[in-house]
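Please study the structure below together with its sequence. The paragraphs that follow lead through it step by step.

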Amino acid sequence: MAKTELPERAQYVIVGGGIVGCSVAYHLAKMGHNDVVLLEQGQLSCGTTWHAAGLVGQLRSQPAMTNLIRYSTQLYADLEAETGLATGWMQCGSVTVARSEDRMTMLMRTAAAARAQGVDVDVLTPQQAQEKWPVMQVDDLKGGIWMPGDGKANPTDLTQSLAKGARMRGAKVIEGIKVTDILTKEGRVTGVETDQGRIEAEIVVNCAGQWARRLGLMCGVNVPLHSAEHMYIVTETMKGVNPDLPVLRDPDGFVYFKEETGGLVMGGFEPEAKPWGMDGIPDKFEFSLLPDDWDQFEILLENALIRVPEMETTGVRKFYNGPESFTPDNNYLLGEAPELKNFFVGAGFNSMGIASAGGAGRALAEWIVQGEPTSDLFAVDIRRFADFNNNPTWLHDRVKETLGLHYAMPWPNRELDTARPFRRSALYDRLAAKNAVFGSKMGWERANWFAPEGTAAETNYSFGRQNWHDAVAAEHKATREDVAVFDQSSFAKLLVQGRDACAELNRICAANIDVAIGGTVYTGLLNARGGYESDLTVLRLKEQEFLLITGSAQAVRDANWIEKNFSADAHVFLTDVTAAWSVLAVMGPKSRQVLQKLTKANLSNAAFPFGTVQKIDLGYATVWANRMTYVGELGWELIVPVEFTVGVYEDLKRAGQDHGIVDAGYYALDGLRLEKGFRAWSRELTPDITPLQAGLSFAVDFEKPGGFIGREALVAAKADPDHLNKRIIQLVVKDEEVQLWGGEAVLCDGVEIGEVRSAGYGHTLGAAVALCEINAAEPVKAEFIKSHSFEVDVAGKRCAATAHLRTPYDPKSERVRAEG
Ligand SMILES: Cc1cc2nc3c(=O)[nH]c(=O)nc-3n(C[C@H](O)[C@H](O)[C@H](O)COP(=O)(O)OP(=O)(O)OC[C@H]3O[C@@H](n4cnc5c(N)ncnc54)[C@H](O)[C@@H]3O)c2cc1C
């Protein structure tokens, strides 16, 4: 092949010619941005792409990821007509079967959720499943689902076809060239160094697959992924196996099957994976495989023989063992790196890169061109991780578990077990001694609930009520009636200081944060579309010093959003001070009495009103006390220097003894906030939801001087009669035995209208409560709510619910209590 000359500069340089890099190049070029150079150290697809099995399954744990794959399926179907290069795409459909009742429940839940997202899916009996896939035996099965839109493709052909589509529009694809360094200047990328010279670039995109972590480290960017061995076999031809055979997944046996040249491709996702590449990924790995490992493969083979006994007498044509990169949560990594401007990442595809590449490539190209994602992509946003997630020892231990997550039972509230404990609050040991059952968020160990004395401190997962229901009911009741202390130290805390801090923040926040010193303001941070990038509280500590308290998972993303939106010449500085401060939330009608025993500060309503923060003495400690509540009761969030946390906690427990103080965890917190109708970011509040749709207009100041980001969009939305067709509503299920977990389909007059975004049990209301996003054909206002009937689809069973724009939870008496 004639060598393409290396240009001196290009607007976009993409590193990596696997399916993802080629898809990004294709989509950039298709959007008219054709000054693109793609650099591949070997040949196109020679990394991981070439040996993929080529399954394209639409259903993923996150709706955003499912949506991107739905676009992939359309693209793969149309690409050949556009480029003249075949892709091997075939919409053969897929069957997924269940060996257990729990798996069948999960499939029924999935089917309902998929339908709500517009994905075709049918529920099958074992016999119907066998009709679609006659080669399997079904005696042990409970049933299955059929997804006609799923398919398979040839990964190498697909990559070549995407590359051709990019070239046809002017992009340059250069093979046999290695990027050896990333060039930067003043916090932004300026180009790449290669083994054949330098290319200056405005934007560099890291699509280097399992090499992406190392490429990131060249310029101080964290790309937390680790390779693991991933395997499948191809059998000799088998009777009844023809090209039309759908893909079959048997997740209880960890295996999948697909037809290939008259035989079966059989691979899977074993529960304990085998990490690879601990000493680094070799440079020269073109079209390479790892040695066969039949021991590691044994669990898959045993299970495959149960499903397809005929395999016993069928020869194996080839064993494929290739390394693939996995991330700490099994979702891929997309977006602009928070550490380096104009450096984008599309990597860590967790064995779904073929299925995802079309949608992910388009999403990344849009993100690059528009400077922000065009829809909610938090599930795959690289900013959900921080530098500590890039620790190689931690990654090694974590990916042992993440590979298996594809087929592991996605229990409600399922926590990952490996590489923990990771980040611990100052109270970790004390809470553990009290039987805390910990979950993990942004690496933090957080008490989810406290097991009663004498019982095992562990969660028994199920789709019905789980073993913590009664214990959490007690924590909930104590918070509503007495007082509880929650360790919320994992809250992210961002300190914003400087001469321009107030003006800059006020432009970034939708509410007016230019309040008196000691004021606390709840606000959204909106994008130009008026959607939520975050919601947080702003504490004005000094004239030009603000402490922002935001969700645990949002530390990196929020800091990045805020800094990105600071004016270039502004005198303003943001520091993440999360690790310096603990947060103990003391909540409940008796919180004042408990705290008053420990401080000389006046905690009366007049001296310490709602929405204010004061530095107070508390025992021997000096803390910030913030009069706020996420549970809808009187309470203070105490922001405590880490070294005083244990002392404050001990004092609180001593002082609260006579008032029935209890430790409470995140499950109680969630039930309390849901009952109160408080929205949470990334659940109800997303970049695609405005404050008007969320019912949070009270936290927007349209009149403040200078306006704010998103104001124009909100003003236009107010005038748009259809804007409120999409809304967040609260549902309270009528049957008090029903348990909701989130993700369920919501029906209005029997027709799917939306989904449950988050759900819990409202122990005061005595029923499951849910916050849901619905999309109606008319504005969702009080009249709409009154004149329609609502149900939730719980694994195929329709459960009646009452709908509310405002919570039915006793708002008046709460106000009395909160104002105390
Ligand atoms: C056994 C197996 C089965 C699989 N089955 C499926 C499946 O059925 N469905 C599915 O969706 N996914 C599947 N996958 C996953 C899929 O193969 C990957 O997710 C996907 O190929 C990742 O594509 P990529 O472009 O990110 O990485 P790669 O294909 O690895 O591309 C990255 C490229 O970057 C190049 N590169 C790296 N560093 C440099 C540098 N410094 N300079 C220049 N170039 C560089 C590499 O040479 C490489 O070609 C499977 C994976 C395995 C291992």
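The end C-alpha atoms of residues 371–425 lie 36 Å apart, and this span is 20% helix and 0% strand. The model in which these values were computed is a predicted one. According to an unreviewed UniProt entry, residues 371–425 carry the annotation "domain: FAD dependent oxidoreductase central".

Within this part of the chain, one peptide bond deserves attention. Most peptide bonds are trans, and most residues other than glycine have a negative phi. The bond from Arg420 to Pro421, however, is cis, with omega near -5°. Pro421 is placed in the loop that runs between helix H9 (392–402) and helix H10 (428–433).

Phe254 is not a glycine, yet it has a positive phi of about 65°. Its place is the loop between strand S13 (247–250) and strand S14 (255–260). Asn342, likewise not a glycine, also has a positive phi of about 65°. Asn342 occupies the loop between strand S18 (333–336) and strand S19 (343–347). Is Asn342 buried or exposed? Its relative accessible area is 13%, and because buried means under 20%, Asn342 counts as buried.

The next element to consider is helix H1, which comprises residues 19–30. From its first C-alpha to its last, this helix of 12 residues reaches 16 Å, close to the 16 Å expected at 1.5 Å a residue. How many of the residues of H1 are buried? The helix is mostly covered, with 11 of its 12 residues buried. Among them are Ile19, Val20, Cys22, Tyr26, His27 and Leu28. After H1 comes Gly32, whose phi is positive, near 90°.

The final topic is empty space. Rolling a probe the size of a water molecule over the atoms shows where such space is left. In this model, the second largest pocket holds about 410 Å³ of space. It is lined by 22 residues, of which Phe385, Ala386, Asp387, Val556 and Asp576 are the closest to its centre. By type, the lining consists of 13 nonpolar, four polar and five charged residues. Helix H13 (residues 555–565) gives the largest share of the lining, namely five residues.

Note on methods: Residues are numbered from 1 along each chain as its sequence is written. This is a predicted model: local features need pLDDT of at least 70, side-chain atom pairs count only at pLDDT 80 or more; totals for chains, interfaces and linings use all residues. Side-chain values use heavy atoms; hydrogens and water are left out. UniProt positions are given in the numbering used here, feature names are shortened, and annotations may be inferred rather than shown by experiment. Helices (H or I, at least four residues) and strands (E, at least two) are DSSP runs, numbered from the N terminus. The expected span of a helix is 1.5 Å times one less than its number of residues. Buried means under 20% relative accessible area, exposed over 50%, partly exposed in between (1.4 Å probe, protein chains only). On a 1 Å grid over the protein atoms alone, a cavity is a set of points where a 1.4 Å probe fits but cannot get out, and a pocket is an open set with protein on both sides within 12 Å along at least five of seven lines; lining residues have an atom within 4 Å of a point. Grid points are joined across faces, edges and corners, and a volume is the space filled by probe spheres set on the points. Ala, Val, Leu, Ile, Met, Phe, Trp, Tyr, Cys and Pro count as nonpolar, Asp, Glu, Lys and Arg as charged, and the others, Gly among them, as polar.
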